[in-house]
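Thanks for coming, everyone. Let me put the structure on the screen before I start.

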Amino acid sequence: METKQIQETINMVEEEHLDIRTVTMGISLLDTIAGDPQQTAKNIYKKVTTYAKDLIKVAEQIEREYGIPITNKRISVTPIALIAGHATPDDMLYYAHALDDAAKAVGVDFIGGYSALVQKGFANGDLSLIKSLPRALTETDLVMSSVNIGSTKAGINLDAIKLMGETVKGISEKSDTANAKLVIFANAVEDNPFMAGAFHGVSEADVVINVGVSGPGVVKRALEKVKGESIQVVAETVKKTAFKITRVGQMVGALAAERLGFEFGIVDLSLAPTPARGDSVAEVLEEIGLEQVGTHGTTAALMLLNDAVKKGGVMASQRVGGLSGAFIPVSEDAGMIDAAKEGTLTLSKLEAMTAVCSVGLDMIAIPGDTSATTISAMIADEAAIGVQNNKTTAVRILPTLGTKVGDMVDYGGLLGTAPVMPVVEKSSADFINRGGHIPAPIHSFKN
């Protein structure tokens with residue numbers, strides 16, 4: 001780096017909340033399958049603790065040497081349902097506890113991959129994993145889970161959506177916060193380093209290092225310098241800023257991979273907010289010209305932001321992957337929390353925004369008495385946006401027993417706090433209870 005670039009990076013860290021949101025080690029567990037679940041669980045623990053034993057040490061070395069915070073160190077593994085075989089829901093708990101124990105042993109923040117891919121149908125392992133989720137997510141601390149219920153090529157599994165609505169309700173009856181560890185996807189990707197949706201895809205190398213960058217504060221500060229300029233200037237400013245942020249991520253990821261002796265995977269370009277003031281995607285959108293996020297024009301501003309982040313980041317990295325763009329998790333973004341509390345940001349507006357951003361309805365608190373079929377219908381709507389538009393969408397909905405609209409729910413740490421948002425009370429039960437499979441859209445046929 002030139003002296004000017006070094007100083008810019010220092011300023012981004014000290015004044016603008018730049019961090020590497022995560023260094024995530026992906027580990028294949030396909031070679032851990034044994035004749036019985038208990039032995040497989042032991043093999044999982046051994047492989048994870050062997051390969052990830054130096055992950056924290058190396059990440060902390062890089063932090064000290066370059067002065068760049070790495071907020072989270074994480075692990076993702078092969079979707080556990082793929083190695084479950086004939087396991088029962090009770091057997092699945094051996095895997096969940098093995099993952100949790102391994103994550104604690106090596107000192108990472110989270111481990112993802114307690115996952116199932118059911119966009120086209122269920123295998124025994126898939127159903128066992130889903131049925132185990134209420135216990136698995138409440139009995140463990142660091143295990144993160146995801147279920148993919150649709151894709152552009154396969155269509156949408158409505159039976160899976162119905163089951164996931166019931167599962168979310170079942171989890172909420174055991175814990176106020178455990179649903180924050182579960183995300184329901186359409187078009188899930190294999191190299192996502194961000195939780196709760198990270199898993200290690202079957203097409204990945206045995207072990208790989210992926211990096212997720214952050215930087216909403218850096219983008220906001222850059223936009224403050226172009227107040228009153230045209231929208232083209234806004235787009236160019238975001239592109240140039242995303243380039244700088246991603247170069248830092250590329251450097252950190254390459255260094256970590258080299259020192260750990262594993263392959264470098266991808267940089268996920270996503271602007272990932274935190275509850276801290278000045279580190280908010282909502283504040284970036286407001287800097288573009290909105291009085292408050294959620295007002296008319298929010299979707300257009302988010303589209304511009306997402307596109308410019310990707311264009312700038314692609315030029316700065318050897319490999320871009322994951323979700324890449326801008327995240328809009330309500331509880332994890334100070335500006336989103338403000339807008340939701342004031343009623344400017346609604347579930348309907350959030351749904352519209354998900355058509356042009358990286359994820360979906362994320363970290364949203366809803367009343368605890370919301371029905372399972374209503375939750376399923378919310379999942380179905382998000383899946384439809386993802387499947388039709390050939391993009392990843394996701395739902396992380398948080399019903400909390402005993403809460404009503406306007407109550408605040410605290411999830412702790414980076415997960416933040418969220419106001420309970422109103423849900424349309426008219427029933428979708430007859431639609432959800434039809435079951436079956438929503439066919440893939442016509443444009444999915446590419447062969």
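First, the ground rules. This is a predicted model, so local features need pLDDT of at least 70 and side-chain atom pairs count only at pLDDT 80 or more, while totals for chains, interfaces and linings use all residues. Residues are numbered from 1 along each chain as its sequence is written, and side-chain values use heavy atoms, with hydrogens and water left out.

Start with strand 2, residues 70–77. Helices (H or I, at least four residues) and strands (E, at least two) are DSSP runs, numbered from the N terminus. Seven of the eight residues in strand 2 are buried, so the rest of the structure largely encloses it. Buried is under 20% relative accessible area, exposed is over 50%, and partly exposed is in between, with a 1.4 Å probe and protein chains only.

What does strand 2 pair with? Strand 1, residues 20–27, runs parallel to it and is joined by seven bridges. Strand 3, residues 110–117, also runs parallel to strand 2, through three bridges. Strands pair if DSSP finds at least two bridges between them. Look at Ile 75. Its bridge partner is Met 25, and it stands opposite Ile 111 in strand 3.

Next, helix 3, residues 55–66. It has 12 residues and reaches 17 Å from first C-alpha to last, close to the expected 16 Å. The expected span is 1.5 Å times one less than the number of residues. Which residues of helix 3 are buried? Leu 55, Ile 56, Val 58, Ala 59 and Ile 62. These pack against strand 1, strand 2, helix 4 (89–106) and helix 8, where contact means heavy atoms within 4.5 Å. Just after helix 3, Gly 67 takes a positive phi of about 70 degrees.

Now the aromatics. How many aromatic pairs does the structure hold? Two. Rings of Phe, Tyr and Trp (its six-membered ring) pair with centres within 6.5 Å; planes under 30 degrees apart are stacked, over 60 edge-to-face, the rest tilted.

Tyr 51 and Phe 262 are tilted, at 5.7 Å centre to centre and 40 degrees between planes. Tyr 51 sits in helix 2 and Phe 262 in the loop between helix 8 and strand 8, so the pair ties together parts 211 residues apart in sequence. Tyr 51 is partly exposed at 28%. Phe 262 is partly exposed at 22%.

Phe 194 and Phe 327 are edge-to-face, at 4.9 Å and 75 degrees. Phe 194 is buried at 4%, and Phe 327 is buried at 8%.
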